[in-house]
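Student: I would like to learn how to read a protein structure that is new to me. Could you please take me through its features in turn?

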Amino acid sequence: MKRTTITMLAAATATLAISVALAASGGNAVQTRQATVNGKQETILTTSKGMSLYYFDKDSPDTSTCTGRCAKLWPAYVLKSGQPTGPSSIAKGLKVFQGANGRQVEYHGHPLYTYFQD
């Protein structure tokens, strides 16, 4: 069985990283939090409920390849309506696209996912 690699997006620098904004609230809010990732303090992205957000290395902008069994383990971060919001440090990188999983949120071209055991 081929291994699926989903990566936590660590944001805050010019290199793409996922961070979630703690300041925003509401169902469409992406938030940032501090977390220890591989022994290093990072800013990460989370949902408004505090679930970490991840991206899949094989995805491309506006295209999610994590479907079927993959999507059961890594549910897409989707919005029923509206646009994602977040702190000013990440807001410009957030958007929604219509894909195989519904209205999925992406950050700088990376479709976002949660993890079913979080």
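Predicted model: local features only at pLDDT ≥ 70, side-chain atom pairs only at ≥ 80, totals over all residues.

Student: Let us begin with the layout. How many helices and strands are in the protein, and what pattern does the protein follow along the sequence?

Tutor: The protein has two helices and eight strands. Read along the sequence, the pattern is β-β-β-β-β-α-α-β-β-β.

Student: What share of the residues counts as buried, and how much accessible surface does the protein have?

Tutor: A residue is called buried when its relative accessible area is under 20%. Of the 118 residues in the protein, 44% count as buried. The accessible surface comes to about 6600 Å², and carbon and sulfur atoms account for 51% of that area.

Student: Among contacts between residues at least 6 apart in sequence, what percentage joins residues at least 24 apart?

Tutor: For the protein, that share is 58%.

Student: Now to the strands. With which strand does β3 pair, and in which sense, parallel or antiparallel?

Tutor: Strand β3, residues 30-37, pairs with β4 in the antiparallel sense, and eight bridges link the two.

Student: How many residues of strand β4 are buried?

Tutor: In strand β4, residues 40-47, six of the eight residues are buried, so the strand is largely enclosed by the rest of the structure.

Student: Is N38 buried or exposed?

Tutor: N38 has a relative accessibility of 81%, and therefore counts as exposed.

Student: Which strands pair with β7?

Tutor: Strand β6, residues 94-99, pairs with β7 in the antiparallel sense over six bridges. A hairpin of two residues connects β6 to β7. On the other pairing, β7 and strand β8, residues 110-113, run antiparallel and are joined by two bridges.

Student: Which residues stand opposite E106 in these two pairings?

Tutor: K95 stands opposite E106 of β7, and P111 in β8 is also a bridge partner of E106. In the hairpin of β7 and β8, two residues lie between the strands, and H108 takes a positive phi near 45°.

Student: Why is strand β7 described as largely enclosed?

Tutor: The description follows from a count: five of the six residues of β7, residues 102-107, are buried, so the rest of the structure largely encloses the strand.

Student: Let us turn to single residues. Where is D62 found, and what is its phi?

Tutor: D62 is found in the loop between β5 and α1. Its phi is positive, about 60°, although D62 is not a glycine. With a relative accessible area of 36%, D62 is partly exposed.

Student: Where is Y55 placed, and is Y55 buried or exposed?

Tutor: Y55 is placed in strand β5. Its relative accessible area is 15%, so Y55 is buried. Y55 and G109 are 54 residues apart in sequence, while their C-alpha atoms are 9.8 Å apart in space.

Student: Finally, how does one find empty space in a structure?

Tutor: A probe the size of a water molecule is rolled over the atoms, which shows where empty space is left. In this protein, the second largest pocket holds about 170 Å³ of space.

Student: Which residues line the second largest pocket?

Tutor: The lining consists of G27, T47, S48, K49, M51, P75, A76, Y77, V78 and T114. By class, these residues divide into five nonpolar, four polar and one charged.

Student: Where is G27 found, and with which residues is G27 in contact?

Tutor: G27 is found in the loop between β2 and β3. Leaving aside neighbours within four places in sequence, G27 is in contact with S48, Y77 and L79. The C-alpha atoms of G27 and K49 are separated by 8.1 Å, with the two residues 22 apart along the chain. G27 counts as exposed because its relative accessibility is 56%.

Technical notes: Residues numbered from 1 in each chain as written. Heavy atoms only, no water. 1 Å grid on protein atoms, 1.4 Å probe; cavity = no way out; pocket = protein on both sides within 12 Å on 5 of 7 lines; lining within 4 Å. Points joined across faces, edges and corners; volume = space filled by probe spheres on them. Nonpolar A, V, L, I, M, F, W, Y, C, P; charged D, E, K, R; others polar. Buried < 20%, exposed > 50% of the residue type's maximum accessible area, 1.4 Å probe, protein only. Helix = DSSP H or I, 4+ residues; strand = E, 2+ residues; numbered from the N terminus. Pairing = 2+ DSSP bridges. Contact = heavy atoms within 4.5 Å. Areas by Shrake-Rupley, 256 points an atom, 1.4 Å probe, with all protein chains shown as cover.
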